[in-house]
Amino acid sequence: MAEPTGWDWLNGAAKADVVPATEDPAPAFARCFAGPDGLRVLDTLKAMTLGRTLGPDAPDAALRHLEGQRHLVAVILALTARGQKP
C-alpha cells in the first residue's frame, strides 16, 4: 500500500490517539510542567508575557498580540495549577 500524501494521512489517524473532548486536560498540563524543565518553561513564558510591558507608543496590533500571549500563558498556568490538585 502506498504512503498517504498531503493530508491523506489524517484520514487514517487512530481513534486512540485523539483525546476525548470530555476528558479534563488539567492533569496532563500538570504532568507536562511538573519537572525542572517544565518549571523553567513556565518561568520563561511568564517572563516573556506577564513580565513584559509595552511603551505608550506601542501600536494597537502589538498590544493585542501581547494580550493574546498573556491570555494563553494564563490559561496554561491555570490548567497546570488545577491539575496539581488531588
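This is a predicted model: local features need pLDDT of at least 70, side-chain atom pairs count only at pLDDT 80 or more; totals for chains, interfaces and linings use all residues.

Colleague: What does the secondary structure come to?

Modeller: Four helices and zero strands, so from the N terminus on it reads α-α-α-α.

Colleague: And how much of the chain is buried?

Modeller: 16% of its 86 residues count as buried. The accessible surface is about 7000 Å², and carbon and sulfur atoms account for 62% of that.

Colleague: OK, charges now. How many salt bridges does the structure hold?

Modeller: Four. One of them pairs Arg 82 with Asp 24, at 2.4 Å from N to O.

Colleague: Where do Arg 82 and Asp 24 lie?

Modeller: Arg 82 is in helix 4 (residues 60–84), while Asp 24 is in the loop between helix 1 (8–11) and helix 2 (26–32), so the bridge ties together parts 58 residues apart in sequence. Arg 82 is partly exposed at 44% relative accessible area, and Asp 24 is partly exposed too, at 37%.

Colleague: Which residue does Asp 60 pair with?

Modeller: Arg 64, with the closest N and O atoms 2.7 Å apart. They sit four residues apart in helix 4, which means about one helical turn between them. Asp 60 is partly exposed at 46%, whereas Arg 64 is exposed at 60%.

Colleague: And what about Glu 67?

Modeller: Glu 67 forms a salt bridge with Arg 70, at 2.5 Å between the closest N and O atoms. That pair is three residues apart in helix 4, so again about one helical turn. Glu 67 counts as partly exposed, at 44% relative accessibility.

Key
Residues are numbered from 1 along each chain as its sequence is written. Side-chain values use heavy atoms; hydrogens and water are left out. Helices (H or I, at least four residues) and strands (E, at least two) are DSSP runs, numbered from the N terminus. Buried means under 20% relative accessible area, exposed over 50%, partly exposed in between (1.4 Å probe, protein chains only). Accessible areas come from the Shrake-Rupley method with a 1.4 Å probe; for residues, only the protein chains shown count as cover. A salt bridge is a side-chain nitrogen of Lys or Arg within 4 Å of a carboxyl oxygen of Asp or Glu.
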